[in-house]
Amino acid sequence: MSTPDNDLKPEEFAKAAAEAITDAQTRNFRDAAGVLANAGLCGVCAREDAGGLALGIEFAVPIVAEAGRLRLQWPLLETILIAKALGDSPLAAELVGGERVATWALQGNLQDKLAGHARHAGHCDWVLVADGRGGGALLDLGSVEIQNDEALDPEHPQSWLKLDGAKVLAALDAATFAALQRDSDILIASLVNGAAEGALTTTAEYMSTRVQFGRPLSAKQAVRHLLARMRLLQEASNAGIQRVLRTDEDDRVRDTRPVLANALAGAAFVLEKSIHLHGGMGFTWEVPLHYALREVRKFDAAWGSGALARQVGRDFIQSV
């Protein structure tokens, strides 16, 4: 880019991202890819020679948070990460340009011939899986068998993939894959935090306009206490995400797992309470908060439904 990175601010990307995402939501899956790519979202972290902006992961955080807030059903965070990891490969350019779409199977590996918890696999071209030896492998989804798991979301199910005979398009070494996993933790935390932020905004507006016995619901102390607690969790999650983007006092990268575990738990609480405060309306199509809750629960299930938080706690206890 001709403009130095230090002249850019990540938060400035949120508005532009929101406009593109809103547009993409009115289109089919493939047309949405073109809209998001033309807005520069798919290649925000990809190398310049692949058509990207070559910016740090901190610039993807507000973009992915907007995707969560607006409940985008498209694998934007996966495409951003994989385009970055592919470096100067021609495959990266195809992702950046919106010609191809990629997702990521968060469980399983190529060596075991089974991978799962991949979002939107039925619509994507490629999928990234662990190779079972510390690295990663980008596979052609046309060469694998896809089985949808509708337990958590019948409308946008996660997929399990049988990898017998899978065609490998590219391989990622262990160092690249480890860096990608770290970035993934940050962006998933940003996505679910954005989803909770959208729900909290909707709920606060509803509470201030819904009148019972001559007073808005937000005037009731119990409601205000709950909204305050929800806001506190949101601010703590925001602070954690911003903190993990920076090195510690010894200039070492911080562990992303506590941030991700906290974001998943906090987002689930905020979304569940938002639905509760709507009096059940959150499960209706008019106030579709349940879509965001499903997304959070799907990500949580990929780490064992609370197992990540328990492991982070055990690791901390053992370290002191």
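Colleague: Is F29 buried or exposed?

Modeller: Buried means under 20% relative accessible area, exposed over 50%, and partly exposed in between (1.4 Å probe, protein chains only). F29 has 15% relative accessibility, so F29 counts as buried. W74 is buried too, at 3%. Keep in mind that this is a predicted model: local features need pLDDT of at least 70, side-chain atom pairs count only at pLDDT 80 or more, and totals for chains, interfaces and linings use all residues. Residues are numbered from 1 along each chain as its sequence is written, and side-chain values use heavy atoms, leaving out hydrogens and water.

Colleague: How many aromatic pairs are there?

Modeller: Rings of Phe, Tyr and Trp (its six-membered ring) pair if their centres lie within 6.5 Å; planes under 30 degrees apart are stacked, over 60 edge-to-face, and the rest tilted. That rule gives four pairs. F13 and F59 are edge-to-face, because their planes make 65° with the centres 5.3 Å apart. Both residues are buried, F13 at 18% and F59 at 4%. F29 and W74 form a tilted pair, with 5.7 Å between centres and 35° between planes.

Colleague: Which salt bridge joins the side chains of K84 and D183, and at what distance?

Modeller: A salt bridge puts a side-chain nitrogen of Lys or Arg within 4 Å of a carboxyl oxygen of Asp or Glu. For K84 and D183 the N to O distance is 2.7 Å. The rule finds one salt bridge across the interface of domain 1 and domain 3. An automatic or database domain assignment supplies the bounds: domain 1 is 8-100, domain 2 is 101-172 and domain 3 is 176-319.
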